[in-house]
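Look at the sequence and the model below before reading on. The text then goes through selected features one after another.

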Amino acid sequence: MALERWFRRKRPTRGDDEVSPAGLWLKCAGCMAQIYRKDLIANLYVCPECAHHERMPVDARVAMLADEGTFELWSGRVTPTDALEFVDTEPYVERLVAVQQKTERPDAIITGAAELDGVPVALAVMDFSFLGGSMGSVVGEEIARAAERAAAESRSLISIAASGGARMQEGALSLMQMAKTTVALEALSERRLPFISVLTDPTTGGVTASFATLGDLVVAEPGALICFAGPRVIQQTIKQDLPEGFQRSEFLLGKGMLDDVIPRGVLKARLAVLVRLLRAGLDGTADDGAAAPLRLTTESITTIADELDESAATSAADDADEAAAAEDREREEAPNRATPV
Amino acid sequence: MPLPFEKPIDELEARIRDMRGYADDQHVDLSGEIAALERRLASLTRETFAKLSRWQRVQVARAAGRPTALDYLGKVVEGFTELHGDRALGDDPALVGGVARLGDMGVVVLAQQKGRDTKENILRNFGMAHPSGYRKALRLFDLADKFRLPVLSLIDTPGAYPGIAAEEQGQAWVIAACIQRMSRLRVPAVSVIIGEGGSGGALALGVANRVLILEHAIYSVISPESCAAIRWRDAAEAPSAAEALKLTADDLLEQGVVDDVVAEPLGGAHKDPAGAIDLVRAAVEREFAALRDVPSEVLMRERRARFRRMGRFLEAA
C-alpha cells in the first residue's frame, strides 16, 4: 500500500486543478494527491489519502445506501416547465434540455423506496450536477410526493441534500417549494415516522432553510459547506475575512446545529441504526394514526451496540479492507444501481 | 428624492404648488388653471404608473417615504403593544412583534421594519432580521395559538441578514422552523407584503391562509441585483433580472403565489401614505372577517393545501 502511494505521488501533476470525472487519474481537492479514479470510486468517492469527501453521483449514492436489489424508483413522472419564460444569457428551457440530456434525468432529484439494512425507507437524493441541485417546482414536488408516499407505506424518509438553493429561473414559484416541502413532511410527522436529513456538500439557501433542516435528525457528511447565505455573499456584505472552517459541517456541529457529522463509509450503518431506534418507541394508542413501532430483536440490538462502539472512530479512508469490500460491492451492485430516468 | 421616472410628475406638482402660492399671495383666482393642471397631473401619473417596467416597480417598492410596517401598525390595528425578545439571545429590532386589537378581537402582529431614515435604518438593519428575530416570531406564534389570537404579518425585507453571527446562530434553521410553525397555526393568519418580499426571510412570515400584496410591492426568490450578479455576472443587469424574475404583484397573482392585490393610491403608497394605510386596513379587516369563524382544523388543512399546490410542472400521462 505504501509503495503504491509513493508511485501515485510520483505521477506528474496535470496542469489543471479540476477533478476531471472522465480522467483515469484525479486530483483530490482536499490534499491535491493524484488518485486512481477506480480507487476513489471504490472508496465511495472519499479520498483514500486524506478522507476528503468528494461529491458523489446520485446513482452511486443510491447504490451505497439501498440494500442490493431493493431500490424501486418513484420519481420521474413530473418534468419541469418554464413557467416564467426565463431568459438570462441563455433561455432556461435550453439549459434544462442540455442538462437533461447530460444527466438523463428530468430534474435534480431521484426518489424511491429501498431497504436500508432491512429497514423500509424512502430515499430522496438530490443531484448537484443538475443545475447545481437547485430546487424548483419539480424537485419540490418529488420531495413532497416522496414524503407522502413514504407515510402511506410506513417508511421512514431519508433525504440526501446537495443543492445551491432555490432555482431562481422559476422565481417565486421556487421560493414556494420551501413551504411546499415543509407542509408535505407533516404526513410523516402525523404517522410518527422518522425523517432523517443528511446534508452533503454543498447544502445552501432555500434547501437549507426548508425541509433539509427540518429532519427529526439532521446530520452531515464531513467537510460539507452548509449555509443559508454563501461565503461570497457574506464576505461582500460584511467586508471581513471569514473564520476558519466557517459554515463547514464540523463548525456547525460545534455551534449545535447538527446532530452529528458522519463519515460516508459508515453512513448507511449509522442511518439504519438511527431509524431502527427512532421506530422502536412505545406503542401509541390504537387509533392515533401512528405507524406500528418496529420491535428491536436481540440481534439488531447487538448490531447497534457494535456499530456505536466503532463508528465514531472508523473512517473508510483508513480502512483498506473496507475499501476493498466497497469495491466488491461496487462490482456486484453495478447492475442493481438506480437506472437513469 | 423622486424616482427617476417621477421627475415630470414632481415638476408638475411643483408648478401647482407655485401657482397656489402665487394665487394666495396676490389674491387672484387661478382655480381654473390649477384644476386643469391637477387633471393633467392625474393623467400623467396614471399613464406613468400604468406602464412601469418591473425594475421601476422594484424602485417603487423600495421608495423612500413609502409607509413602513410600524406606520401601518399605527392605523391598521389599534393599541399595538410591542413584545420584545426571543427569550434566548436578544431582541431584534428588524423584526417587530406584539399584540393589538383589530375590531373586537385581539391579534398577534409580526412585522419586518425598515428604517424611515438613516439612523433608523441602522437600528433596524434595513429590515434584515437575524435568527433572534425569527426566534421571537416562533415564540409569538406559540402565544397566538395558546390564546387563539389570529396572526397578522406585514412583510417588508430585502431578506434575512447574511452575516457571520447569523449563520452561526442557524439562520437557515430558524427560517425553516418559522415556515413550519406558521403552517401549523391553529388560528387564522393573514400576510400582507407591503414593500419588499425578499426570499426565505420574507416567506418565514408568509405561510398564511391569505397572502395579500400591495400593488407596487414585490416578492422574489432573490433580489434582482443578486440574480444579475449570478446569472449575468453583472449587477448592472438588475433591470433585466427584474424582468426575468416576474416579481410584481400582477405576476405573483398570475402564479398563484398571492391571493389578492391591494390597490395603492395613485402615484404609489409613498405619495399618499395615509391613503395606502386605509386601503390596507380595509383589506385586512375583510380577510379576517372571512376567516374568523373557520374551524381550526379547516384553517390548518386549507393553509397546508394552499402551499402544497404551489409550483408548475408537467406530468407524464
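What follows covers a domain interface, some salt bridges and a few backbone features.

The model is predicted. Chain B is divided into two parts: domain 1 spans residues 4-51, and domain 2 spans residues 58-308. Taken over C-alpha atoms, the centres of domain 1 of chain B and domain 2 of chain B are 35 Å apart. At their interface, 9 residues of domain 1 of chain B are in contact with 8 residues of domain 2 of chain B. Bringing domain 1 of chain B and domain 2 of chain B together buries about 650 Å², and carbon and sulfur atoms account for 66% of that area. On the side of domain 1 of chain B, the residues that lose the most area to domain 2 of chain B are Phe5(B), Glu6(B) and Phe49(B). Together these three make up 56% of what that side buries.

The interface of domain 1 of chain B and domain 2 of chain B also has polar links. The rule finds 2 salt bridges across the interface of these two domains of chain B. Elsewhere in the list of charged pairs, Lys271(B) and Glu13(B) meet through their side chains in a salt bridge, with 3.1 Å from N to O. Between domain 1 of chain B and domain 2 of chain B, the count of residue pairs in polar contact, both at pLDDT 80 or more, is 3. On the side of domain 1 of chain B that touches domain 2 of chain B, helix H1 (7-26) and helix H2 (31-50) of chain B each supply at least two residues. H2(B) gives the most to that side of domain 1 of chain B, with 4 residues. Sorted by class, the side of domain 1 of chain B that touches domain 2 of chain B has 4 nonpolar, 1 polar and 4 charged residues.

The next topic is salt bridges in general. Over all chains, the count by this rule comes to 52 salt bridges. One of them is formed by Glu315(B) and Arg77(A), whose closest N and O atoms are 3.9 Å apart. Glu315(B) lies in strand E9 (residues 313-315) of chain B, while Arg77(A) lies in the loop between strand E3 (72-73) and strand E4 (78-80) of chain A, so the pair joins two chains. Glu315(B) is partly exposed, with a relative accessible area of 41%, and Arg77(A) counts as partly exposed at 43% relative accessibility.

Two further salt bridges lie within chain B. Asp104(B) and Arg292(B) form a salt bridge in which the closest N and O atoms are 2.9 Å apart. This pair links distant parts of the chain, 188 residues apart. Asp104(B) is in the loop between strand E2 (95-102) and strand E3 (105-112) of chain B, and Arg292(B) is in the loop between helix H13 (273-291) and helix H14 (296-308) of chain B. Asp104(B) is exposed, with a relative accessible area of 64%, whereas Arg292(B) counts as partly exposed at 40%.

Arg116(B) forms a salt bridge with Glu120(B), and the closest N and O atoms are 3.0 Å apart.

The backbone is the last topic. Most residues other than glycine have a negative phi, and most peptide bonds are trans. Asp201(A) and Pro202(A) are joined by a cis peptide bond, with omega about -15°. Pro202(A) lies in strand E8 (residues 195-203) of chain A.

Tyr45(A) has a positive phi, near 60°, although Tyr45(A) is a residue other than glycine. Tyr45(A) is found in the loop between helix H2 (37-42) and helix H3 (58-65) of chain A. Since buried means under 20% relative accessible area, Tyr45(A) counts as buried at 13%.

Arg233(B) also has a positive phi, near 55°. The loop between helix H10 (224-232) and helix H11 (238-245) of chain B holds Arg233(B). At 74% relative accessibility, Arg233(B) counts as exposed.

Methods: Residues numbered from 1 in each chain as written. Chains lettered and ligands numbered in written order. Predicted model: local features only at pLDDT ≥ 70, side-chain atom pairs only at ≥ 80, totals over all residues. Heavy atoms only, no water. Domains from an automatic or database assignment. Contact = heavy atoms within 4.5 Å. Buried area = accessible area lost by both parts, 1.4 Å probe. Salt bridge = Lys/Arg side-chain N within 4 Å of Asp/Glu carboxyl O. Polar contact = N/O pair within 3.5 Å; in protein donor to acceptor, adjacent residues only side chain to side chain. Nonpolar A, V, L, I, M, F, W, Y, C, P; charged D, E, K, R; others polar. Buried < 20%, exposed > 50% of the residue type's maximum accessible area, 1.4 Å probe, protein only.
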